[in-house]
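Subject: Structure for you to look at

Hi,

Here is the structure I promised to send. Please open it and keep it beside you while you read my notes below.

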Amino acid sequence: MDTYTVHLAMAAVVGASLVAVSAYYMHRKTLSQLLEFAKTVEREREEISEGESAQHSKKRRDNYSRRKWKGYYRRGSASLPDFSMISGGIDGEEKRNGPIHVDGIPPGLPRLHTLPEGKSGGHATSAKRSGNLIRPTSPKSPVASASAFESIEGSDDEDNMTDNSKIDTTYLHTNGNAGPNLPDHINANGEAMQIAASSMIRSHSVSGDLHGVQPDPIAADILRKEPEHETFARLKISPSEVPSPDEVEAYVVLQECLEMRKRYVFKEEVAPWEKEVISDPSTPKPNPEPFFYAPEGKSDHYFEMQDGVIHVYANKDSKVELFPVADATTFFTDLHHILRVIAAGNIRTLCHHRLNLLEQKFNLHLMLNSDREFLAQKSAPHRDFYNVRKVDTHVHHSACMNQKHLLRFIKSKLRKEPDEVVIFRDGTYLTLKEVFESLDLTGNDLNVDLLDVHADKSTFHRFDKFNLKYNPCGQSRLREIFLKQDNLIQGRFLGELTKQVFSDLAASKYQMAEYRISIYGRKQSEWDQMASWIVNNELYSKNVVWLIQIPRLYNIYKEMGIVTSFQNILDNIFIPLFEVTVDPDSHPQLHVFLKQVVGLDLVDDESKPERRPRKHMPTPDQWTNVFNPAFSYYVYYCHANLYTLNKLRESKGMTTIKFRPHSGEAGDIDHLAATFLTAHNIAHGINLRKSPVLQYLYYLAQIGLAMSPLSNNSLFLDYHRNPFPVFFLRGLNVSLSTDDPLQIHLTKEPLVEEYSIAASVWKLSSCDLCEIARNSVYQSGFSHALKSHWIGKEYYKRGPDGNDIHRTNVPHIRLEFRETIWKEEMQKVYLGKAIIPEEVDK
């Protein structure tokens, strides 16, 4: 071997040795600094601790002396600072020196968490593994770092930890100073101090796992079901002064409004969770025969229409009305009372102040507890935003698919069924191929741009142009063929398209939808046609329920000569529903379909000018002019008939239908006042930003708002001006929905697209998104069994008692804050005399 090669090899050996020695000293110095930091922090904590006594200090010194005298210091790795092995020692060492005392820890070092007696850690081997090694902790974070120095033995009991690792509750007052009961890590100014090492170092670990990051003690504490033991900063902002006489007067008026709503809104006599007790926690099995009809007998009930409202009697000879409802004059009088309240200056000022305070309380809550909320979410196994249940609470069935899906379907039918007779126009039956030839189009010509169903700048404040986007390629005949169920082919194409959408929902598993489908009120047979289409095409999915939407188009039908008065529309809509309720055998398919119907909706352009109703309005049979009735006129007569129908269906053990109209997307504020009195939930509600009084009332009543920011962006309100984030901060019951995926969205999962854009633009956290998703399940009309499985067995209870973080991924911290603040507002409005049930409204 030549001299050059030898010299090169020697240089490599020397260089490697120098690097190894340098790494050794750097590693040892780093660990020594970490332990020295832990000692310093512990020493400072002991100095400021009031509970430290001289006797206790002497006892610790004695233990330390005994420990040192008996020679319990043992030598560890040469690269580690010297410290004692606390538990689980080697058998021979234990025999020589006797049992090792946990109390004998040198002063300054933190106490270590050890296994309880009777529990063994690690794998069963001939020689016991070494005990708990200290896991070094970074001074920047209370979460111990994952490294090979973690404990290789640990307890399976989450609650088995020292008291020092728990953080006390912080109470902050309006003056900005901390309350009298300060936790040890909060100073007098309410500022957080460094957490002691004893709460930072923990040896809880899975046996044999040297590298896994283990749950933090705070996270384990937050994850508990008992909210009173959770470690987070609770806000207690309660001014000491009593309300002024002016405020008391305003609060009394708000009380009256809330009590007025209770007189109108339908509530079941027996709550669903009282009717059906869920004992099996497994996934509810879908109905194997959703369209099976068993003949049911006709009841003796008798009904008749009087002044636009159906009255029900026990039998034909009875004169006693079974389910009375407030008459129109009473409703419009109450509506005018609400309108006077929302216009009162002192009440507007008070409500504006309360809403701003709600918003700031939530911001303060996030400043104090957002990290703990995120920590609790990380500690919840399996769940994240993607696999918590989300319901699209407002989506129109005719636009439930995206534009690419519709394009593929049209091309597929044009390729596979060109000779199918699909339409009758101008006295001629046309095949699908002939329809496209008449439009001078071929399948190869079609693309998304030519389909032209997507909303653009031209639709802003133009509801008429937006509705034209339902016509593929701008042709109403294509809409009739592909997007209607009452056509020449009896809606077969729409049925097949709907099944494909159902299949996409089933594949996503965690997304559900409530599709709105239209009943126009032009003729009574519409109900049977609709039910026949649903049953014959077997349109059923465990991920889908239906709502019936009623377009407010009386003026068009009147001009066309289809109806003579508004009474005709009410007859066509509600008489078949009462007939099938009294005698299911009269409309068997409709009876089966109504089991899947959960709501009634009112739809159309709210921006059209209208006259505000007077206290005394013409009855529906007197409304024979060509003008469309006001929104609140529609609302009353739909609500009154639906209220009576629900009472009758409930008395017979049938499913009920909630009133969930569009309201507050545009137009006058009295739309929202009318739905405040009558509706369970509403769609949109963005005009609440114009009325602080109504917004505060909607908050107190927790009326659900199914908001669609992307849809509003295309029609009435720019995205950055949408009030959704403000409503959410203030605690209104809001959820996100898609409205019209065909016109609005671009992806295969429009609901996730809605959430993702909202999260990006408004910087919503994972906890925020999961809370909104949980709200959507609450607002939805899915069954009690499904809600129990999706968001927890006791979902109907208020606050954290009704939350299951393992299903919702919403920390108890968030829900306890929401419940606490809402109860405080209710007590303030009711002047300390509010009676709040433990369960949510039925």
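Strand β9 is mostly covered: 8 of its 8 residues are buried. This is a predicted model, so please read everything here as computed from it. Val544, Trp546, Ile548 and Ile550 point one way. Val545, Leu547, Gln549 and Pro551 point the other way. All of them are buried.

How does the chain get from β8 to β9? It crosses through helix α16, residues 526-536. This β-α-β crossover is right-handed.

Now look at the partners of β9. Strand β8 covers residues 511-518, and β9 covers residues 544-551. The two run parallel and are joined by 6 bridges. Alanine 513 stands opposite valine 544 in β9. Isoleucine 517 stands opposite isoleucine 548 in β9. Strand β10 (residues 597-603) also pairs with β9 in the parallel sense, over 6 bridges. There, proline 551 stands opposite valine 603 in β10.

A word on background. Strands of a sheet pair through backbone hydrogen bonds, either parallel or antiparallel.

Which strands make up the open sheet, and in what order? There are 5 strands, in the order β5-β8-β9-β10-β11, and the pairing is parallel. The edge strands are β5 (390-396) and β11 (658-659). Each of these edge strands pairs on one side only.

Next, go to helix α22, residues 692-701. Is this helix enclosed or open? All 10 of its 10 residues are buried, so α22 is largely enclosed by the rest of the structure. The buried residues include Tyr696, Tyr698 and Tyr699.

Serine 691 sits in the loop between β13 (681-684) and α22. Its relative accessible area is 2%, so serine 691 is buried. The cut-off for buried is under 20%. Leaving aside neighbours within four places in sequence, serine 691 is in contact with Ile342 and Ile669. Just after α22, glutamine 702 takes a positive phi of about 50 degrees.

Two other residues also have a positive phi. Compare their surroundings.

- Glutamine 490 has phi near 55 degrees, a positive value in a residue other than glycine. Glutamine 490 lies in the loop between α14 (476-482) and α15 (492-508). Its relative accessibility is 62%, so glutamine 490 counts as exposed.
- Aspartate 739 has phi near 70 degrees, again positive in a residue other than glycine. Aspartate 739 is placed in the loop between β15 (734-736) and α25 (741-744). Its relative accessibility is 3%, so aspartate 739 counts as buried.

Last, a pair of helices. Where do α27 and α30 meet, and how do they cross? Helix α27 covers residues 766-779, and helix α30 covers residues 812-829. Their axes come within 11 Å and cross at roughly 65 degrees. The crossing is right-handed. From α27, the contact uses Cys767, Asp768, Glu771 and Arg774. From α30, it uses Arg814, Leu815 and Arg818. What kinds of residues are these? The contact has 2 nonpolar, no polar and 5 charged residues.

Best wishes

Definitions and conventions:
Residues are numbered from 1 along each chain as its sequence is written. This is a predicted model: local features need pLDDT of at least 70, side-chain atom pairs count only at pLDDT 80 or more; totals for chains, interfaces and linings use all residues. Side-chain values use heavy atoms; hydrogens and water are left out. Buried means under 20% relative accessible area, exposed over 50%, partly exposed in between (1.4 Å probe, protein chains only). Helices (H or I, at least four residues) and strands (E, at least two) are DSSP runs, numbered from the N terminus. Two strands pair if DSSP finds at least two bridges between them. A crossover is right-handed if, with the strands pointing away from the viewer, the path from the first strand over the helix to the second runs clockwise. Axes are lines fitted to C-alpha atoms, for helices over the stretch in contact, and angles run from 0 to 180 degrees between N-to-C directions. A crossing is left-handed if the near helix is turned anticlockwise from the far one by less than a right angle, and right-handed if clockwise. Contact means heavy atoms within 4.5 Å. Ala, Val, Leu, Ile, Met, Phe, Trp, Tyr, Cys and Pro count as nonpolar, Asp, Glu, Lys and Arg as charged, and the others, Gly among them, as polar.
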